[in-house]
Amino acid sequence: VVFPGGITPGVAVSTSTQISVDSANSTGFRLSVARDDSDTTLDLSTDPAVNITDKTAWIEPGATTTPGNAAVYATTGLGFRVMSTGTTGGNYASSWWGTNDLSANALYAGLPTTENQIANRSGASTPATTIVVEYRLDVPSTQKTGAYTAGITYTAVVNP
């Protein structure tokens, strides 16, 4: 995750990544995410013991119609969400990520330490379909300056 322009305490910044999945499986696929680090997602490059706090880790609720634990972004920390803008219809769950991308409706969670589903498509996706993941970050004034790095793994698996 790279935040172009850097990080300024008190100023929330966002960046996104686009994931494409192509599957002829008639029951679709699910996309899961997990952070690679056990304590936080972002570590200071020169000192991995210096972290940026994550929002409460995402826990998939099962059905895409069941609300998850994501919440409107507030205060500081790193949060992520699937965006409705740019995400192919059928890949977006508004009960998980909010009714749209407006700040009052967009829901964020922290990256989990184990794989948790963030999208579930119920039909084939040929040609490839898209899922846009947004990352939002704000840090307190006490946050140590420098470059921070993260390892995030996305896994797409066909539905049974």
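Predicted model: local features only at pLDDT ≥ 70, side-chain atom pairs only at ≥ 80, totals over all residues.
1. Three strands make an open sheet in the order β4-β3-β10, and the pairing is antiparallel. β4 (47-52) and β10 (148-150) sit at the edges with a single partner strand each, so one side of each has no neighbour in the sheet. From one strand to the next, the twist averages 45°.

2. A closer look at one pairing: β3 (residues 42-44) runs antiparallel to β10, and three bridges link them. Asp 43 has Thr 149 in β10 as its bridge partner.

3. On to the core. The largest nonpolar core holds 30 residues, and those touching the most other members are Trp 58, Phe 80, Trp 97, Ile 118, Ile 131 and Leu 137. Two or more residues come from each of β1 (13-23), β2 (29-35), β3, β4, β6 (77-82), α1 (94-97), β8 (116-121) and β9 (125-138). Which element gives the most to this core? That is β9, with four residues.

4. One link between the points above: β3 and β4, both strands of the open sheet, are also among the elements giving two or more residues to the core. As background, nonpolar side chains tend to be buried together in soluble globular proteins.

Technical notes. Residues numbered from 1 in each chain as written. Heavy atoms only, no water. Pairing = 2+ DSSP bridges. Axes fitted to C-alpha atoms, helices over the stretch in contact; angles between N-to-C directions. Core = buried A, V, L, I, M, F, W, Y, C linked by side-chain atoms within 4.5 Å. Buried < 20%, exposed > 50% of the residue type's maximum accessible area, 1.4 Å probe, protein only.
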